[in-house]
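The sequence and the structure are shown first.

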Amino acid sequence: MEHLERNASLLPFLAVSAAVSAALCLRLHAAGAAALGLFLLLFLAAYLALWLLLILALLLLSIGAPDAPQMRRRPFFVWLVGHVEGMMLAAARVRIHATGLEKLPAGRFLLVCNHRSNFDPIVLGWTLRNCDLAFVAKPVLLSAPVMGAILRKANYLAIDREDNRAALKSILTAAALIRNDVSSVGIFPEGTRNTGAELLPLRTGAFKIAQRANAPIAIAALRGSDQVRRRAPWRHTDIHLELCTVLPAAQVAEMNTFEIGEEVRKCITSAVC
C-alpha cells in the first residue's frame with residue numbers, strides 16, 4: 001500500500017515568521033500595499049533568522065561529540081537528526097511516496113538500499129524516523145563540521161572501504177549496535193552513488209552486519225532521488241521508496257554473503273526497473 005509522507009517540519013518556522021512579521025507590521029501601523037511589502041520583507045528576514053538560530057543551536061550541541069558511536073541509545077539526537085532531515089526535505093520540496101513499510105520487522109534490522117543521491121540517507125532517515133536508524137557512511141560525511149558531530153552523537157558510523165581492518169571494525173560496531181538494541185543500521189552496499197541504469201557491484205561484506213547481529217535484512221529501493229539536485233527548490237521532486245522484502249534472521253544465517261547479495265540485487269532491480 002502506497003502512502004504519501006506528510007512533512008510539516010517547516011510549519012513551526014513558517015508560523016513563527018508570520019506571527020513576528022504581523023506583529024511588527026501592526027506595531028509600525030503599516031497599511032495597504034506598503035503593509036504587504038513590509039510583511040513579506042519581515043517574513044523573509046524572520047525565516048532566515050530562524051535558520052541561523054538553528055545552525056547556532058546545532059553548533060552548540062555538536063560540542064564534545066565522540067569520535068566513535070556509543071553503545072547506548074541517545075533519543076534526543078536521533079529525534080534531532082530526523083527533524084533536521086524533515087526540514088531539509090521540506091525546503092527542497094521533496095514528496096516521498098512510500099510502499100511496503102508494513103513489512104518492517106518489529107525489532108532491530110539491517111536496511112540495505114540502492115544509492116542514487118546524497119539525499120538517499122535523508123529520505124530513508126526521515127521516512128523511517130521511528131526506527132532509530134543509524135547509517136554507515138563515508139568518513140567525509142562524519143568529519144563535516146557541526147552536522148557530522150551531530151550524526152556521530154546519533155550513532156552514525158564511518159566505514160573506510162580502502163582499509164580492510166578499519167572496515168571490519170566498522171562492521172563489528174554496526175552489528176553491536178543492532179545486537180545491543182541501540183539502533184537499526186542502514187547501509188548502501190553499492191558503496192558509492194550510482195549514476196548508471198544498473199546496480200553497481202555490491203560490497204557483500206555489508207551483509208555480515210546482519211549475520212553477526214543475528215538480525216533480519218530489510219531490502220529497500222529508491223527511485224527519483226537523483227532529480228532533487230536539479231529541481232530543488234523551485235519544483236517538487238517525487239521520490240518513490242519501496243520496501244521490497246525482508247529476509248528473516250534465520251534465512252540470513254543460512255545464506256552466504258554472495259547469496260544474500262544476489263537476493264538484494266534481484267529485489268532492488270525488479271523494483272527500480
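Which residue forms a salt bridge with R116, and how far apart are the closest N and O atoms? The partner is D226, and the closest N and O atoms are 3.5 Å apart. A salt bridge here is a side-chain nitrogen of Lys or Arg within 4 Å of a carboxyl oxygen of Asp or Glu. D226 sits in the loop between β7 and α9 and R116 in the loop between β3 and α4, so that the pair links distant parts of the chain, 110 residues apart. D226 counts as partly exposed, at 24% relative accessibility.

The model is predicted: local features need pLDDT of at least 70 and side-chain atom pairs count only at pLDDT 80 or more, while totals for chains, interfaces and linings use all residues. Residues are numbered from 1 along each chain as its sequence is written, and side-chain values use heavy atoms, with hydrogens and water left out.

**Salt bridges**

The structure holds six salt bridges, including those in the table.

| D132 | R73 | 2.4 Å |

D132 forms its salt bridge with R73. Because D132 lies in the loop between α4 and β4 and R73 in the loop between α2 (32-61) and α3, this pair ties together parts that are 59 residues apart in sequence. D132 is buried, with a relative accessible area of 11%, whereas R73 is partly exposed at 42%. Buried means under 20% relative accessible area, exposed over 50%, and partly exposed in between (1.4 Å probe, protein chains only).

D238 belongs to strand β8 and R95 to strand β2, 143 residues apart. Their relative accessible areas are 32% for D238 and 33% for R95; D238 is partly exposed, as is R95.

**Helix α4**

Helices (H or I, at least four residues) and strands (E, at least two) are DSSP runs, numbered from the N terminus. In helix α4 (residues 120-127), eight of the eight residues are buried; among them are W126, I122 and D120. These buried residues pack against α3 (75-91), β2 (94-99), β3 (110-113), β4 (133-137), β7 (217-223) and β8 (237-247), where contact means heavy atoms within 4.5 Å.

**Exposed arginine**

R230 is placed in helix α9 (residues 228-231). This residue counts as exposed, at 52% relative accessibility.
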